[in-house]
Structure formats: C-alpha cells, structure tokens
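Subject: Structure handover

Hello,

Here is the structure we talked about. Please look it over, then read the notes below.

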Amino acid sequence: MFCEKVIELIRELHRMSDGQLPAFNEDGLRQVLQEMEALYEQNQTDVNEAKSEGRADLIPSIKLRHCCLLRNQRCVTAYLYDRLLRIRALRWEYGSVLPANVRFHMCAEELQWFNQYKKSLASFMRSLGGGEGLDITQDMKPPKSLYIEVRCLKDHGEFEIDDGTVILLKKNSQVRTKTRTERGK
C-alpha cells in the first residue's frame, strides 16, 4: 500500500521521547524515495497516455498517486525537520561536544549541520556583551531565589532598573536586587 514506509518513519520518531534521537533510518528513507520515484514514473506514463489517447479513466489513479507523492514529501520533510529540532536541542543540553552514543545515531549530513549550528551559535555568543562574549547556554533554568546578586566588573555609575529603583554600579561592587518576575508583582 502507498505511504506505509514513510508512516513507519514518523512512528519511529513518535515512539522516542523528546530528548532522545533515534538512529537515522537511511534504509527506510531510501525505500520511501524509491517509492516516490516509482509513483512519479507511473504518473508520467499515465499522463502521457491520457494526453495522447484521451483516456480520462486514468485521471483518478493519477490524482491518487500524486496525493501519495505529496504525502510522502510532507512526511519525509517532517521526519528530517523533527530530527534537526532534536539535534538543535541536544546542542543546548550537552554543549558543543555530543556523547559518542548520540553521534552514532546521526548521519554525516546531520553531523555537518550540527557543527555548522555550533559554529553559528558560538559566533553569536562572541558578538554579545560588548565584545567580551556571553554564554547564553548556561543557566537555562530560572533561579529559585527571588533575589539575584550582581557583581560589577567596570565602573558604570548610576543605573535605573525598570521599576524605577536607582542603584550605583562601581567596579568590584556587589548589589542584591529582586528578579524581574518578583519586581513585576
């Protein structure tokens, strides 16, 4: 039956929890692409026959195969896109070096995409913080305390917080202030 192989690819991803990456199913993907090629070739043959011989009875089967082609295309795109989202999440979870068991489940193109994403993220983080860089991958969970401590690295002078409080930031000074969510209450 049409589209069964691609549905199995989607089910394979669905069975895994969000934090896991199943092994790249190259064989399953190849079978889906071969099915798409066969459907396309059969459609081309039937379209040519319908045009040349005026066989209108072929149109429903042409439409059915075309719908199967579109469904296969959408499902393959969804499969690959979901894998990329999972790989991107792994970068934030594990950092710039993935464990060997995770890398084992990735194909060469996914490894290449991961390395390019890693470089782009590192370049972005270097551009933050006035040339000093800022690691945005740290402290991914909100603080448990309602207060944060800020240590000033340079003389900044007076600084007005969004609630109107003015604090003095001098080099090596330390200020304790409420978090943004607590100030908003």
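Which feature does UniProt place at residues 44-128? The unreviewed entry gives "domain: GINS subunit" for residues 44-128. UniProt positions follow the numbering used here, feature names are shortened, and annotations may be inferred rather than shown by experiment.

This is a predicted model: local features need pLDDT of at least 70, side-chain atom pairs count only at pLDDT 80 or more, and totals for chains, interfaces and linings use all residues. Residues are numbered from 1 along each chain as its sequence is written, and side-chain values use heavy atoms, with hydrogens and water left out.

Helices (H or I, at least four residues) and strands (E, at least two) are DSSP runs, numbered from the N terminus.

The cores: the largest nonpolar core has 16 residues. A nonpolar core is a set of buried (under 20% relative accessible area, 1.4 Å probe, protein chains only) Ala, Val, Leu, Ile, Met, Phe, Trp, Tyr and Cys residues joined through side-chain atoms within 4.5 Å. Val6, Leu9, Phe24, Leu29, Val32, Val76 and Tyr79 touch the most other members. α1 (4-15), α2 (26-53) and α3 (59-94) each give two or more residues. The largest share, five residues, comes from α3. A second, separate core of eight residues includes Leu98, Met106, Leu111 and Phe114.

The loop: Leu146 sits between α5 (108-127) and β1 (147-151). Leu146 is 8.5 Å from Thr177, C-alpha to C-alpha, and 31 residues from Thr177 in sequence.

Best wishes

Methods. Buried means under 20% relative accessible area, exposed over 50%, partly exposed in between (1.4 Å probe, protein chains only).
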